[in-house]
Amino acid sequence: LTWVVLALLCLYCLFKWRQAISLVFIWITIDGFLRKWTGNSISAFFFKDIMLVTIYLSFLDERISQGKRIIFSNPINLPLVCLAVLSIIQLFNPEISSLLVGLVGLRTLFFYVFLFYIAYQLFDSKEVLYRFCLLLLIVAIPICLIAVWQYFKGPSYYVSLGEAFVPWVVGIQSEFGSVYKPDSTFCFISIFSGYLLFITMLCIA
């Protein structure tokens with residue numbers, strides 16, 4: 001079933017890459033929960049990356065078929081190239097335990113950079129950008145409500161969801177006792193905290 005869902009999502013990303021960008025950003029908000037719910041399965045871990053690869057390929061095909069440059073001129077290009085060259089050189093650093101570690105680091109640094117160039121084509125007007133931001137704010141409502149619900153249900157309910165949830169129960173000690181810190185649908189409380197900060201800034205903007 002997991003691979004069927006992934007195949008359907010990839011087909012959607014392939015033929016509707018502009019709309020699929022919104023789907024990926026929604027997926028990111030539930031990605032952590034799904035990974036834990038499936039017992040940290042490898043397929044769930046790479047879901048969004050496979051979707052993004054499909055989007056990249058669709059975007060590449062569109063640019064080539066229209067006879068347009070894939071990478072347009074931008075002041076950020078030169079620093080990115082310099083960083084890429086330096087990172088590739090670092091792959092051969094003898095202090096790195098294995099080449100795989102270096103490749104993972106390379107993926108972390110550069111895999112999502114292509115979204116910068118896609119964003120220029122996707123948000124071609126203020127109206128499109130406003131609609132996307134509004135979508136992110138609407139999605140944040142149930143995400144925050146789930147966190148409130150988790151807080152009142154307590155850590156015992158959270159760990160009952162499965163073994164993969166047990167290591168991520170976070171609490172702090174205060175003068176009133178232990179305070180449970182829910183992570184909503186995210187993998188870590190730190191990611192949820194960053195998400196709340198981002199949504200708050202977006203609301204203010």
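## Terms and basis

Axes are lines fitted to C-alpha atoms, for helices over the stretch in contact, and angles between N-to-C directions run from 0 to 180 degrees. Helices (H or I, at least four residues) and strands (E, at least two) are DSSP runs numbered from the N terminus.

The model is predicted, so that local features need pLDDT of at least 70 and side-chain atom pairs count only at pLDDT 80 or more, while totals for chains, interfaces and linings use all residues. Residues are numbered from 1 along each chain as its sequence is written, and side-chain values use heavy atoms, with hydrogens and water left out.

## Overall arrangement

The protein chain contains 10 helices and two strands. Read from the N terminus, its elements follow the order α-α-α-α-α-α-α-α-α-β-β-α. The C-alpha trace spans about 60 × 50 × 40 Å along its principal axes.

Two packed helices are described by the angle between their axes and the distance between the axes. For α2 and α8, the axes come within 11 Å and cross at roughly 25°. The two helices are therefore roughly parallel to each other (angles under 35 degrees count as roughly parallel, over 145 as roughly antiparallel, 65 to 115 as roughly perpendicular and the rest as oblique). In contact (heavy atoms within 4.5 Å) are I21, S22, F25, I26 and T29 of α2 and F132, L135, L136, V139 and I143 of α8. By class, this contact has eight nonpolar, two polar and no charged residues (Ala, Val, Leu, Ile, Met, Phe, Trp, Tyr, Cys and Pro count as nonpolar, Asp, Glu, Lys and Arg as charged, and the others, Gly among them, as polar).

Helix α2 also packs with α7 (residues 114-122), at an angle of about 125° and with the axes 11 Å apart. These helices are therefore oblique to each other, and their crossing is left-handed. W17, R18 and I21 of α2 make the contact with L115, I118, Q121 and L122 of α7. Its residues comprise five nonpolar, one polar and one charged.

## Helices α8 and α10

The axes of α8 (residues 126-153) and α10 (residues 189-204) come within 11 Å and cross at roughly 135°. They are therefore oblique to each other, in a left-handed crossing. From α8, the contact involves C133, L136, L137, V139, A140, I143, C144 and A147, and from α10, F192, Y195, L196, F198, I199, L202 and C203. This contact has 15 nonpolar residues, with no polar and no charged ones.

## The largest pocket

The largest pocket holds about 390 Å³ of space. Of its 18 lining residues, I28, T29, F186, I191 and Y195 are the closest to its centre. Helices α2 (17-37), α8 and α10 each supply at least two residues of the lining, and α2 gives the most, with seven residues.

A pocket is found on a 1 Å grid over the protein atoms alone, as an open set of points where a 1.4 Å probe fits, with protein on both sides within 12 Å along at least five of seven lines; lining residues have an atom within 4 Å of a point. Grid points are joined across faces, edges and corners, and a volume is the space filled by probe spheres set on the points. By class, the lining has 12 nonpolar, three polar and three charged residues.

Technical notes: A crossing is left-handed if the near helix is turned anticlockwise from the far one by less than a right angle, and right-handed if clockwise.
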